[in-house]
Amino acid sequence: MNDVGNIQWFPGHMTKTKRLIEADLKMVDAVVEITDARIPESSRNPILDDLVKDKPRIILMNKCDYADENATRLWKQYYEKRGIRVLTCDCRSGKGLNRFLPEVKTLLADLIERRKKRGMIGKALRLMVVGIPNVGKSSFINRMAKTKKTKVGDKPGVTRGKQVPIDRNLELLDTPGILWPKFDDQTAAQRLAFTGAIKDDVMDTEALARALGEILREKYPELLNARYKLSGEPDILTDIAKARGMLVSGGVPDTERAAATFLDEYRGGRIGRITLELPAK
């Protein structure tokens, strides 16, 4: 494994966001947790289980079009066996989100019936949207609201908490993306870095790209070779640079440029449908 270095994350708004979620949970009916289907478990914040507790929850496995279909099916089964409702979707295109409202109504059927008996038919359901940075919360809210009320970006930490009415029956409460302040599991940290949930400027991107290349060589060699027509060079970045004609003076492979291209194409789903982790058996 290439030495990417010890990945740390110390966002200044971490503690503030945690307090915000704890306070707002008392005012919402359910929680919508958005994860990255390519790294379903690594993209879940471990503190959320303690914060959410028994509050009704639905997991949206976003970016499903970038993930391995068979792996996504296994993850869906894994969570559903643990009593968590799961919806696979792509928030940018809107794929799968037509099933969101029916899922919410099923999830909160008991609450809706209680309100109906009390004559509270017009009371809107309020859902809190949570997730780590760059996982697709803003894209989800904008798609549901059919507008661009929430800033969307590829960099962590661009969202600020706000209420977004979807219609007279549903309201979404957005929260800033949060990560844990220290990574005890460096494997999870590395997977997050692969997907862009951690800023590239805090790590060695060439080492990161080489680490991703080693994983794809083992798990998805056909996709890797089909995309880059690799020749078998020991260093994958050298191989990609030569294949793409990324050379500097003297014909030396530009591995820095190759690393940026490789990471960008993986994150954009252009290499193929790839999932980097599977549920424990």
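Which residues do ring pairs link into a cluster? I looked this up in a predicted model, and the cluster consists of Trp-75, Tyr-78 and Tyr-79.

**Entry 1: aromatic pairs**

I searched the whole structure for aromatic pairs and found five. I then took the pair of Trp-75 and Tyr-78, which is edge-to-face, with 5.4 Å from centre to centre and 85° between the planes. Both residues belong to helix H3 (residues 69-81), where they sit three residues apart, about one turn of the helix. I note the general rule here: an α-helix has 3.6 residues a turn, so residues three or four places apart point the same way. Trp-75 counts as buried at 3% relative accessibility. Tyr-78 counts as buried at 19%, and the cut-off is under 20%.

**Entry 2: overall count**

I counted eleven helices and eight strands in the protein chain. Of its 281 residues, 51% are buried. I also looked at contacts between residues at least 6 apart in sequence, and 68% of these join residues at least 24 apart.

**Entry 3: the sheet**

I traced an open sheet of six strands, with the order S3-S2-S1-S4-S6-S5 and mixed pairing. Its edge strands are S3 (85-88) and S5 (162-167), each of which pairs on one side only. From one strand to the next, the twist averages 25°.

S5 and strand S6 (residues 170-174) run antiparallel and are joined by five bridges. Within this pairing I found Asp-167 opposite Leu-170 in S6.

Which helix did I find packed on the sheet? Helix H6 (residues 137-145) packs there, and touches strand S1 (30-36), strand S2 (57-62), strand S4 (125-130), S5 and S6. The direction of H6 makes about 160° with that of S6.

**Entry 4: salt bridges**

I found 20 salt bridges in the structure.

The side chains of Lys-137 and Asp-174 form a salt bridge at 3.1 Å, N to O. Lys-137 is in helix H6 and Asp-174 is in strand S6, so this pair ties together parts 37 residues apart in sequence.

For the salt bridge of Arg-210 with Asp-235, I have 2.7 Å between the closest N and O atoms. Arg-210 lies in helix H8 (residues 205-219), while Asp-235 lies in the loop between helix H9 (221-228) and helix H10 (236-244), 25 residues apart.

The network of salt bridges links Glu-33, Glu-41, Arg-44, Asp-49 and Arg-57.

**Entry 5: helix H7**

I listed the buried residues as Ala-188, Ala-189, Gln-190, Leu-192, Ala-193, Phe-194 and Thr-195. What covers these buried residues? I found that the cover includes S1, H8 and H11. After H7 comes Gly-196, with a positive phi near 95°.

**Entry 6: cysteines**

How many disulfides does a search of the whole structure find? I found zero. I looked at Cys-64 next, which is in no disulfide. Its nearest cysteine sulfur is that of Cys-89, 6.2 Å away. Cys-64 counts as buried, at 9% relative accessibility.

Key:
Residues numbered from 1 in each chain as written. Predicted model: local features only at pLDDT ≥ 70, side-chain atom pairs only at ≥ 80, totals over all residues. Heavy atoms only, no water. Pairing = 2+ DSSP bridges. Helix = DSSP H or I, 4+ residues; strand = E, 2+ residues; numbered from the N terminus. Axes fitted to C-alpha atoms, helices over the stretch in contact; angles between N-to-C directions. Contact = heavy atoms within 4.5 Å. Disulfide = S-S within 2.5 Å. Buried < 20%, exposed > 50% of the residue type's maximum accessible area, 1.4 Å probe, protein only. Salt bridge = Lys/Arg side-chain N within 4 Å of Asp/Glu carboxyl O. Phe/Tyr/Trp six-rings, centres within 6.5 Å; stacked < 30°, edge-to-face > 60°.
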